[in-house]
Amino acid sequence: MNVNNSLTRWFPSRIVAVLSCASAFAFVTSLPARTDEVLRVGVATVDITPKKPVTLSGYGGRKGLSQGVHDPLSARAVAFGHAGTRLVLVSTDLIGFYGGTAEAVRKMILAKCQLSPSQLFLCGIHTHSAPTLALEGSEAHANNIEYTEWLTQRLVGVVCDAMLHMTPVRIGFGSGSSPVGVNRREVFMDKAGKPQIKLGRNPNVLTDREVQVLKIAHADKDELAAILFDYATHSTSLGAKNYIVSGDVHGLAEQFVEKHLGGGVVAPAFAGASGDIDPWCRVLPEFKTVNSWIPEPVLLGTLLGEEVVNVANGIQKLDADGPIRTAMKTVDLPRKPIEATQTKTARILSPFNLTVGRVGDVAFVGLGGEVFNEIGKAIKTASPFPHTIIITHCNGAGSYVPTRRSYDEGGYEVKTSPYLPGADEQLAQEAVRLLQELK
Ligand SMILES: [Zn+2]
């Protein structure tokens, strides 16, 4: 297929700001802390599309290097400031920060941009068509190591740039619904007539279809600064046979929203609690076009993006409220014995980071792993805040946290999770307890 034609066809006016990382972070370190009481936001975006062929992350069986780019990858930063306090959300069109990269990349950003650990939410949209991140290791391809080092500098640049350009804003929250994601734990009968679970599609099980939108508008002019959105699905409409770089559902939705609204608005996406949710069309081999019809990943991204725009347009009430508060904790979830953990990655003890923050009465819960949607819903329901945005693949890569009930059913996530039943309840309780401390 002609990748470039495909890109310009669907996203002809994509705007990507390329930052000068070095100058951005050199400047921020000399800034005094603000003590103003006005809510301010700075927004920045940077291109993070790999320039060389790289291995793509998310499917164990996929070998070989990427063969082109369908749509560019970006990192989008939104920095909130109020009364000298900061909260920075970073959305990256990546699978997440696996292989120990979360700690290393965060450390660099925190130091260069003068943030405390809980003030940074470094997140991936969980596309499986983006580079594998690696800073070292004999198994990593040299292009991927080079990419990750370059990425780290870009991320430092985009965070510092957002922090440098904070201006007074008003923000408002809205909520919609989208059927783009579906429960992926399909039930089938084995030879003995016993129900088993495989990765597929199970529309009989309810998921969390909420589309959460945060509208950020400049206070002094009638212009949008950012439309932040959150939706619970894996970004895996493309599968292991695909070798073309793409942001998949979330990335294509971001690009739709930015193109549709225009005016330089930035639309960072975040993945909600989606450990058990895939897009309705999943693991396709390519951007297939039959009779010139829209390829499924683009269709799904467009459907999600349309709902984001609809919700954003409906948000009328915009306030400019602080305070900003943040907290972070590494949660010691109950673990399976190491010999019962079936995958090599799950055997590596990776900490499960929990980061919470508030901007006025909007709360953010960053979960450093992939959790089942019911856990996200439980946190939203018990949260002491009117609006609670659940962000997974945030500040760590701590594997699957299934619900207690799913352990009896079995399936891929349960087998590969390093955690025991009850981890879900403990995680939700800790998240709610930390949220209460922010009140
Ligand atoms: Zn996953």
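User: Which residues does Val 88 touch, leaving aside those up to four places away in sequence?

Analyst: This is a predicted model, so local features need pLDDT of at least 70, side-chain atom pairs count only at pLDDT 80 or more, and totals for chains, interfaces and linings use all residues. Numbering runs from 1 along each chain as its sequence is written. A contact here means two C-beta atoms, placed from the backbone, within 7 Å. On that basis Val 88 touches Ala 77, Ala 79, Leu 115, Gln 119, Leu 120, Phe 121, Val 159, Ala 162 and Met 163.

User: Why is H5 largely enclosed by the rest of the structure?

Analyst: Helices (H or I, at least four residues) and strands (E, at least two) are DSSP runs, numbered from the N terminus. The buried part of H5 packs against strand E11 (224–231), strand E13 (269–271), strand E14 (277–279) and helix H6 (296–314). H5 is largely enclosed because its buried residues number 11 of the 14.

User: What residue follows H5, with a positive phi?

Analyst: H5 covers residues 248–261. Next comes a residue with phi near 65 degrees, Gly 262.

User: Which strands stand at the edges of the open sheet of 4 strands?

Analyst: The order is E15-E16-E17-E19, with mixed pairing; strands pair if DSSP finds at least two bridges between them. Each edge strand has a single partner strand, so one side is left without a neighbour in the sheet. The edges are E15 (324–331) and E19 (387–392).

User: At about what angle to E15 does helix H11 run?

Analyst: Axes are lines fitted to C-alpha atoms, for helices over the stretch in contact, and angles run from 0 to 180 degrees between N-to-C directions. Helix H11 (residues 423–437) lies across E15, E16 and E17, and its angle to E15 is about 150 degrees.

How values were computed. The expected span of a helix is 1.5 Å times one less than its number of residues. A residue is buried if 20 or more other C-beta atoms lie within 10 Å of its own, exposed if 12 or fewer, and partly exposed in between; C-beta atoms are placed from the backbone.
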